[in-house]
Amino acid sequence: EEYEAALEELKASNEELLSVNEEVQSTNEELEASKEEMQSLNEELSTINGELNASVEDLARTNNDLKNLYAASRIATVFLDADLVIRNFTPAASDLFRIRASDIGRPLSDLVGIIDQGDLEKEIRQVFATGDLLEKRLTASNGQEFFVRLVPYRDAREEIGGVVLAFVDITSLVTAEGQQKVLIAELDQALQFPGVANSWTMPIKARIDMLSTGIRTPIGIKV
């Protein structure tokens, strides 16, 4: 009887061991499956990480290109959001509004520079409201002349999210224009003769007819 009892206990222990072995085997299979899933997930993450790194490099390259473009063009540009708060600016804009990096997030109207913002703020709001481009000439407080473009800032959905201000320095052009007017006036005065119409103010056809007929001035000089 003791032998049979011991045999039964041994048989029961063996069954328990078989059951535990099956559980261990099942757990091992689950771990193997989890390992494969982890490997697959790791490969996907590596791919995504590579794509993100490439995107970061592209963004950095684009950002550097824009910085160099702004520096080369010397066009003072300010990007404003819907509340006319500064979102970004080019280096040249710091000379006009005394903008610093710490001013990003502040309203443009808080800054004082060489540009009178009286009419400018009204025009910026007009561009934001209508979506129409606005161009004008502006004289700064230091005498510089600027060609100003106010352009609506549009996002990827073509919705207006702000306004872009671009200031092109045309001081040298205006100066040359003024010098040209003075020179023309001096030449015009020098070529006026008594009794003869000034050929500089004549229509082109009248000038041609005048030259073809060989009209002379009272002092004998052909015009």
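In the classification applied here, Ala, Val, Leu, Ile, Met, Phe, Trp, Tyr, Cys and Pro count as nonpolar, Asp, Glu, Lys and Arg as charged, and the others, Gly among them, as polar. By this scheme, the lining of the largest pocket in the predicted model divides into 7 nonpolar, 2 polar and 2 charged residues.

The chain as a whole contains 5 helices and 5 strands. Their order along the sequence follows the pattern α-β-β-α-α-β-β-β-α-α. Of its 223 residues, 22% count as buried. The accessible surface of the chain amounts to about 16,000 Å², and carbon and sulfur atoms account for 54% of this surface. Among contacts in the chain with a separation of 6 or more, 34% are formed by residues 24 or more positions apart.

The largest pocket holds about 220 Å³ of space. Rolling a probe the size of a water molecule over the atoms shows where such empty space is left. The lining of the largest pocket consists of N63, L66, K67, Y70, F79, L80, R87, N88, F89, P91 and Y153. At least two lining residues come from each of α1 (2-73), β1 (76-81) and β2 (86-89). Helix α1 makes the greatest contribution, with 4 residues.

In soluble globular proteins, nonpolar side chains tend to be buried together. The largest nonpolar core of this chain comprises 27 residues, and F97, L108, I115, L165 and F167 have the most contacts inside it. At least two residues of this core are supplied by each of β1, β2, α2 (94-97), α3 (118-130), β3 (134-139), β4 (145-154) and β5 (160-169). When residues up to four places away in sequence are not counted, F97 touches V78, L108, L111, V112, G113, I115, Q117, L120 and F167.

Beyond the residues up to four places away in sequence, I86 touches F79, L80, I99, D103, I104, G105, R106, L108 and L111. For one of these residues, D103, the C-alpha atom is separated from that of I86 by 7.2 Å, although the two residues are 17 residues apart along the chain. F79 and L80, which I86 touches, also belong to the lining of the largest pocket.

Key. Residues numbered from 1 in each chain as written. Predicted model: local features only at pLDDT ≥ 70, side-chain atom pairs only at ≥ 80, totals over all residues. Heavy atoms only, no water. 1 Å grid on protein atoms, 1.4 Å probe; cavity = no way out; pocket = protein on both sides within 12 Å on 5 of 7 lines; lining within 4 Å. Points joined across faces, edges and corners; volume = space filled by probe spheres on them. Buried < 20%, exposed > 50% of the residue type's maximum accessible area, 1.4 Å probe, protein only. Contact = heavy atoms within 4.5 Å. Areas by Shrake-Rupley, 256 points an atom, 1.4 Å probe, with all protein chains shown as cover. Core = buried A, V, L, I, M, F, W, Y, C linked by side-chain atoms within 4.5 Å.
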